[in-house]
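Here is a short report on one protein. Look through the structure first, then read on.

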Amino acid sequence: MKIFDTMTRYKEEFVPLEEKKVRMYVCGPTVYNLIHIGNARPMIFFDTVRRYFEYRGYDVTYVSNFTDVDDKIIKAAKEEGVDASVISERYIEECKKDMAGMNIKPATHHPRATQEIGGMIEMIQKLIENGHAYVVPDGTVYYRVSSFPEYGKLSHKKVEENQSGLRELKVSGEKDKADPNDFVLWKPKKEGEPYWDSPWCQGRPGWHIECSVMSKKYLGEQIDIHGGGEDLIFPHHENEIAQSEAVSGRMFAKYWMHNAFLNIDHVKMSKSLGNFKTVRQISEQYDLQVLRLFMLSAHYRSPLNFSREMMDGAKAGLERILTAMDHLREVLLSAEEKPLSPEEQSGLEQLAALAGKFEAAMDDDFNTADGLSAVYEIVKCANTTVNENSAKAYAEAMKQKLEVLLDVLGILPQRRQLSLDSRVEALIQERQEARKNKNYARADEIREELAAMGILLEDGKEGVKWKRA
Ligand SMILES: [Zn+2]
């Protein structure tokens with residue numbers, strides 16, 4: 001297997017640190033809002049990487065964090081007048097729902113920054129002790145970039161060029177920074193913000209330290225793959241390397257993988273442009289497996305353009321796959337056990353060749369676009385060569401191979417039913433809200449809508465009950 005390594009800028013042969021084991025860490029979202037489709041790209045892609053390693057017989061330990069303390073979370077909490085943890089808990093739960101919709105496997109570990117503060121303080125302490133970090137009078141702790149000569153080896157930036165990236169790093173104690181390139185490891189609390197005690201001041205960690213700490217705790221000092229969006233290469237991943245390697249004295253991650261951006265109608269997605277799309281919004285129009293298929297239809301290192309046409313194309317693709325699976329299941333209900341015909345024998349050879357094509361594509365730096373084409377060719381083969389006269393073993397072989405390859409791509413082999421119960425519950429909840437807000441017209445409307453679905457409501461002391469009429 002070959003992986004394009006951001007650090008060497010070459011496709012490198014994958015050799016795990018430990019035989020048949022893969023340790024991978026993928027930076028997760030900051031949980032202050034519903035996740036957007038830009039967050040979904042690395043989630044879907046690296047889940048597919050994990051699935052392919054598992055298909056290849058590797059034992060994968062997959063760690064992805066939730067950043068649950070951050071300026072944006074604190075801002076959202078202030079706006080709502082709640083504790084920051086209320087915001088982060090809420091959006092971790094919502095994120096998990098979206099992940100389930102996109103058929104993303106839960107990580108082996110999903111650590112949260114606020115639960116790992118002790119480890120962060122410990123690592124910062126080590127960095128201070130070995131001369132890689134320093135404390136300024138207001139209690140801010142900075143990483144001394146000049147103490148790590150290899151700084152810039154991932155992003156291929158020279159330290160002097162980094163000045164433009166400094167704006168976002170400006171925080172408290174800035175005037176005491178020894179060098180503009182130095183970055184924050186710990187910062188003092190501000191009024192009304194969450195904080196923790198530390199040897200330097202009451203405050204909270206900088207963002208970069210959490211990934212170094214969690215990666216080490218759950219995967220060890222050295223890992224096989226570190227992944228994330230390309231926007232994380234600098235400064236986030238560069239800083240992670242500086243922190244982790246300064247403490248361990250060893251190479252942190254063997255392969256660095258980064259996915260390219262997602263644009264919307266050829267424009268970079270941003271809140272200010274109003275083209276910001278959440279995964280939840282997409283789920284109102286499509287099965288989220290369509291989003292998954294769309295994301296995998298391009299190579300992960302190519303920018304991907306989100307548009308209605310592309311999504312409709314992916315929807316048609318999913319439909320084609322599921323219709324073929326329906327066809328195979330139907331044939332198998334009555335297929336006879338009999339020897340394979342010569343055509344079926346050569347059909348099996350074709351199937352093996354196409355599966356080989358899938359593997360060759362995925363072995364070549366996870367080329368999901370070509371892998372998906374191989375799956376569509378198998379779908380076509382199944383549609384044209386399997387019929388009511390097929391031998392059972394032949395139809396079975398097609399079905400099994402498709403199921404296995406679809407599982408690598410994270411596509412379920414059958415249609416998902418939107419559960420009636422969850423729709424009914426959602427409508428009942430909306431009706432309760434409407435009544436609470438004295439919007440009786442809307443409440444009556446919902447009652448009628450439910451009645452049309454054959455659902456009767458009974459308002460009782462213990463709340464609303466419902467039954468099928
Ligand atoms: Zn990270």
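## Terms and ground rules

A residue is called buried when its relative accessible area is under 20%, exposed when that area is over 50%, and partly exposed in between (1.4 Å probe, protein chains only). Gln202 counts as partly exposed because its relative accessibility is 33%.

This is a predicted model: local features need pLDDT of at least 70, side-chain atom pairs count only at pLDDT 80 or more, and totals for chains, interfaces and linings use all residues. Residues are numbered from 1 along each chain as its sequence is written, and side-chain values use heavy atoms, with hydrogens and water left out.

## The whole protein

The protein has 14 helices and 15 strands. Both are DSSP runs, numbered from the N terminus: helices are H or I with at least four residues, strands are E with at least two. The C-alpha trace spans about 80 × 65 × 35 Å along its principal axes.

Of the 469 residues, 49% count as buried. The accessible surface comes to about 22200 Å², and carbon and sulfur atoms hold 49% of that surface. These areas come from the Shrake-Rupley method with a 1.4 Å probe; for residues, only the protein chains shown count as cover. Now take contacts, meaning heavy atoms within 4.5 Å. Among contacts with a separation of 6 or more, 75% link residues 24 or more positions apart.

## The loop around Gln202

Gln202 sits in the loop between β7 (183–188) and β8 (203–205). Pro188 is 14 residues from Gln202 in sequence, and their C-alpha atoms are 5.8 Å apart in space. Leaving out residues up to four places away in sequence, Gln202 touches several others, including Trp186, Tyr195 and Trp196.

Asp197 is also touched by Gln202. Their side chains are joined by a polar contact of 2.9 Å. A polar contact is a pair of N or O atoms within 3.5 Å; within protein, one must be able to donate a hydrogen and the other to accept it, and residues adjacent in sequence count only if both atoms are side-chain atoms.

## Two open sheets

Strands of a sheet pair through backbone hydrogen bonds, either parallel or antiparallel. Here two strands pair if DSSP finds at least two bridges between them. Strand β6 (141–143) meets β7 over 3 bridges. Phe183 in β7 is the bridge partner of Tyr143.

Another open sheet of 4 strands runs β4-β3-β9-β10, with parallel pairing. At its edges are β4 (59–64) and β10 (253–259). Neighbouring strands of this sheet are turned by 20 degrees against each other on average, direction ignored. Helix α6 (233–248) packs on the sheet, touching β9 (223–229) and β10, and the direction of α6 makes about 160 degrees with that of β9. For such angles, axes are lines fitted to C-alpha atoms, for helices over the stretch in contact, and values run from 0 to 180 degrees between N-to-C directions. Pro235 is found in α6. A cis peptide bond joins Phe234 to Pro235, with omega about 0 degrees.

Strand β1 joins β2 (10–13) through 4 bridges, and the two run antiparallel. Lys2 stands opposite Glu13. The hairpin has 4 residues between its strands, and Arg9 takes a positive phi near 60 degrees.

## Helix α10

How many residues does α10 have? Helix α10 (342–363) has 22 residues and reaches 31 Å from first C-alpha to last, close to the expected 32 Å. That expected span is 1.5 Å times one less than the number of residues.

The buried residues of α10 include Leu351, Leu354, Ala355 and Phe358. An α-helix has 3.6 residues a turn, so residues three or four places apart point the same way. The buried residues of α10 pack against β1 (2–5), α1 (37–55), α11 (368–385) and α12 (392–409). Just after α10, Asp365 takes a positive phi of about 55 degrees.
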